[in-house]
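This briefing is meant to be read beside the sequence and the structure shown below.

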Amino acid sequence: MNANRKILFIVALMLIGLAVATITNVALNFRDYGYNNAIEKSKMTAEIVRDGLTAHMVNGIMDKREFFLANIANIKDVQKLWIVRSPNVVAQHGEGMENEHPRDAIDRKVLKEGVIVREISEDAQNAILRVTIPYIATAYGNPNCLSCHNAKEGDVLGAISMEFNINDIRQTGAMTIAKIFAINVIFIIIALWGTNHYFKPYMRLFENLQNGIKRARTGDFSFRFTTSLKNAGSEVADQMNTLFQKMEETFGGIKHNLNTFASSSNISCSDPLSMAGIIIQELSDVYKFKKTIELDGSKDAIYARFVYVIAEKFGFKHFALYEVDKISKERKLIHISDGKSFCLPIADANAMECRAYRTASDVYSTDFPNICSNCANEIQYSCIPFNINDDLALILSYSAKDAHTIEMMNLSLASIKTYFEAAKAVIESRTLMDKLRDSSLRDGATRLYNRRFLEEFIDKSAEQALRSHITYAVLMIDIDYFKMVNDTYGHDSGDIVIKSLAEILQESIRKSDLAIRYGGEEFVVLLHNTTPEGAINVAEKIRTRFHEKKFRFGNDTIEKTLSIGIAHFPTQADSIWKVIKFADIALYEGKHTGRNRVVAFEERMFNGGDEF
C-alpha cells in the first residue's frame, strides 16, 4: 500500500469513526428526547384527568366520568388509559366502574408504594411506553384532597395508567439518523476527494523521493525527481535534482579513480558506495602500513610487519615468506608459520627449483595436479612471486588442507599484493642502505668483512655467545714476507696475492664462519662451534692451499707462505678481543720459529704484560 492510499485509508477511518460517534450520539439523544417527551405528556394527561375527575366530583357528576375518560383516551398516541382506585377510596366511595380496578402488578405496585413506574416494551413493529402515575393526597393546593377523602396527607388515592404508541418517535429518529448518515457519507466522500486531490501530488513527490533515495543507496544517482507542485514542492524537487547531479558527477569520478584498485581487489559488492567505502578503508590501512614501515630501520622489521599483516589481517595459518637473491639465486627463509615447509629441500636450497620464481608467475595447485614437482602433494598451496628490483625478489607461499579453503585464501591475494606494492620502494631503500652499510663493513679489494665489522660483531655477539655457550676458534693469518712483494713487483701484484688469499679463505670455511681482513696482509677467521682439531685442520688446509698457489709477475713465478696463530673462545679467554690477541701471539710465535706454520696458543706464550 503506497503512502497516498495509506493517508486516504486513515482519513476515511477517522471520518467514519466521527460519523459513527455522531450518529450514535444523535440516536441516543433523540431516543431519550422522545421518551422524555412522552413521559411529560403522560404527566400532563394525568393532571388533566385528576382535575377533570375532581371537577366531576365537585359538580356531582362522577357518573359521567366515563365519557370524559374516553375523550382523554382519544388523545394522539394514547392507546389505552385507565384509572384505578386505592383500597381507601374503594372503602369510602365504593368499587367504582368495572375498569377502575388494578389490572396488573404495576398498578398494584404504584398503589402500594406511591411511585411513578415507566416501562417500555418493543418488538419489530411497535414500541409502547407504559406510564402509571399515582395520585397522592395533599392538604394544600386546589383542590384539597382531604376535604373529600377520608385519608391522610401522602396517602395514595389512586393511579392513572397510560400506554403511548412511540412508533412515530422511533420512525422519526430513524429518519433523522438516516439523514445524518447520508450527510456524513457525502461529507466523507467530499473529504476523501479533497484529501486525494490536494495530497496526491505531495504523495507522488514523496514516493519519487523514496525511489530516488532507494536507488542512491545502491550508488545510482542518475534518478531525477519530477512533481506537478509549485512553490515549495517544486523547489524541493529542483534542489534534490541538483544534489543528485553533483553526487553523480562526484561519485562517478571517485568510482572511475578507484576502478584501478577495485579491478585487482578481492572486494565483491554490488553497491558502489559500499565498495568505495571498503576500498578507501583498505587504502587507508595500506597507507598506515606504509607510513609505519617507512620508520622501520631494517628489512627484517619490514618483513615482520608483512608476517603480522598476513597472519592477523588475512588470517593465514600456514604460510612462508622467502627472500631471493637474484644474483646468487639463493632463497632465504624469512618466516614459516609452524616450522614445517611444504616445499622439498631442493627448492629451499635453490631458488631456480621454485616454479613461482623461475617462471615469475603465480602458481596455484588448484590449476593443475602436481603443478610444482617440488611441492608436497597432500596439501593445496599457492606460491606468489613478487619482484622488488633487479637484485631482490620475495616469494609468498601458503597452503591449506582442501581446495575450498585455498580458494578463499586466494581471494585475499590482490590485497596482499597491494601491501607488497606499497612496501616495494621502502624495501628497495632499506636494501640500498644495507648495501651501503655492507660496503662500509667490507674491504674494497677482497670483499671480505673489515675490522669495523669485526668490532660491531664482537660488541653485539660476545655476551650472547657466552649465554648460549657458543664457541669460536680464532685464526690470525699473516702472509710471510709480504712487503717484499710490494717492494719488488709493486702494489698491484700485492693486491693479487691478497685477493688470492681471500678467495682461499672463503672457499675453505663454512657459511657460519667469518673471514675478515684485519689490516694490510693480516686476516682473522672466526670458526663457529668447532673443535681445536677442526680449527687446526682448517688452518692447515688454508696454509697448504695458499702455499701451493703460483703467482706469476712478469718473468718471475713465486710462491708465498702463511703463518697462522690459533686461540679459542671462551676456553682460553672470556673476551673475543683477548682471544684475538692470543691468536696474534701464537702467530708471531710461528713467525719467530720459521714461518709457514700453524701454531696454537699456549699459556706459556703470554707473559701477562698486556692488560685487556
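Which strands does helix α4 (residues 105-113) lie across? In this predicted model, α4 lies across β1, β2, β3 (127-136) and β4, and runs at about 30° to β3.

**The four-stranded sheet**
- The strands form an open sheet in the order β1-β4-β3-β2, and their pairing is antiparallel.
- Because β1 (78-85) and β2 (117-122) stand at the edges and have a single partner strand each, one side of each is left without a neighbour in the sheet.
- On average, and with direction ignored, neighbouring strands of this sheet are turned by 15° against each other.
- Seven bridges join β1 to β4 (residues 156-165) in the antiparallel sense, and Ile83 has Ile160 in β4 as its bridge partner.

**Strand β5 and its partners**
- Strand β5 (residues 319-325) is mostly covered, with six of its seven residues buried.
- With strand β9 (residues 392-400), β5 pairs in the antiparallel sense over seven bridges, and Val324 stands opposite Ala393 in β9.
- With strand β6 (residues 330-336), β5 runs antiparallel and is joined by six bridges, and the bridge partner of Ala320 is Ile336 in β6.
- Four residues lie between β5 and β6 in the hairpin that they form, and Lys329 in the turn has a positive phi of about 60°.

**The pair of helices α14 and α15**
- Helix α14 (residues 482-489) packs against helix α15 (residues 491-508) at an angle of about 140°, and their axes are 6 Å apart.
- Phe482, Val485, Asn486 and Tyr489 in α14 meet His491, Ser493, Gly494, Val497 and Ile498 in α15; the residues of this contact comprise five nonpolar, four polar and no charged.

Note on methods
Residues are numbered from 1 along each chain as its sequence is written. This is a predicted model: local features need pLDDT of at least 70, side-chain atom pairs count only at pLDDT 80 or more; totals for chains, interfaces and linings use all residues. Side-chain values use heavy atoms; hydrogens and water are left out. Two strands pair if DSSP finds at least two bridges between them. Helices (H or I, at least four residues) and strands (E, at least two) are DSSP runs, numbered from the N terminus. Axes are lines fitted to C-alpha atoms, for helices over the stretch in contact, and angles run from 0 to 180 degrees between N-to-C directions. Contact means heavy atoms within 4.5 Å. Ala, Val, Leu, Ile, Met, Phe, Trp, Tyr, Cys and Pro count as nonpolar, Asp, Glu, Lys and Arg as charged, and the others, Gly among them, as polar. Buried means under 20% relative accessible area, exposed over 50%, partly exposed in between (1.4 Å probe, protein chains only).
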